[in-house]
Amino acid sequence: MSAAWTYVCASEELLPGEMKTAFDDVTGAPIVVFNLDGELYALEDQCTHEEFELSSGSIDPVEGSIECVLHGARFDVRDGRALCAPAYTAVPKFPVKRENGGIWARDDRD
Ligand code: FES
């Protein structure tokens, strides 16, 4: 398990309703960080239907969801759970924090 945090962007670069991506410095996993009304959430940037990148899709800030651009599956950005077909498996959720003016996340899986 990695304890190293990956720098995503400066805090002011991620506004409410927006997202930013990075690759974990240690594992190489794609990460997408969402700003939902000022709260930050990080998920693996990969749809669980056919492993397409979620960050190509669009955020619904009211529902707090991201829609996969490929076949329309939606996921809750707060916990990664699948909200509709054709995806049934949750997207892994990662830790995220604000520190030293930046936003940091990490792939904390074994
Ligand atoms: S790859 Fe995302 S819905 Fe099919």
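In this predicted model, Cys68 is buried, with a relative accessible area of 2%; the cut-off for calling a residue buried is under 20%. Cys68 sits in the loop that links β6 (65-67) to β7 (74-76). Leaving out residues up to four places away in sequence, Cys68 touches Cys47, Phe52, Leu54 and Ala73. Gly57 is eleven residues from Cys68 along the chain, and the C-alpha atoms of the two are separated by 4.9 Å.

Leu54, one of the residues touched by Cys68, has its own set of contacts. With neighbours within four places in sequence set aside, Leu54 is in contact with Glu44, Asp45, Gln46, Cys47, Ile66, Cys68, Phe75 and Val91.

The next topic is the nonpolar cores. The largest nonpolar core has 15 residues, and those with the most contacts inside it are Phe34, Cys47, Leu54, Ile66, Phe75 and Val77. Two or more residues of this core come from each of the elements β3 (30-36) and β4 (39-44). The most is given by β3, with three residues. There is also a second, separate core of eleven residues, which includes Val8, Cys9, Leu14 and Val33.

The last topic is a sheet. Three strands form an open sheet with antiparallel pairing, in the order β1-β10-β9. The edges are β1 (6-10) and β9 (96-99); each has a single partner strand, so one side of each is left without a neighbour in the sheet. On average, neighbouring strands of this sheet are turned by 30° against each other, direction ignored. Between β1 and β10 (residues 102-105), which run antiparallel, there are four bridges. In this part of the sheet, Ala10 stands opposite Gly102 in β10.

Conventions: Residues are numbered from 1 along each chain as its sequence is written. This is a predicted model: local features need pLDDT of at least 70, side-chain atom pairs count only at pLDDT 80 or more; totals for chains, interfaces and linings use all residues. Side-chain values use heavy atoms; hydrogens and water are left out. Buried means under 20% relative accessible area, exposed over 50%, partly exposed in between (1.4 Å probe, protein chains only). Contact means heavy atoms within 4.5 Å. A nonpolar core is a set of buried Ala, Val, Leu, Ile, Met, Phe, Trp, Tyr and Cys residues joined through side-chain atoms within 4.5 Å. Two strands pair if DSSP finds at least two bridges between them. Axes are lines fitted to C-alpha atoms, for helices over the stretch in contact, and angles run from 0 to 180 degrees between N-to-C directions.
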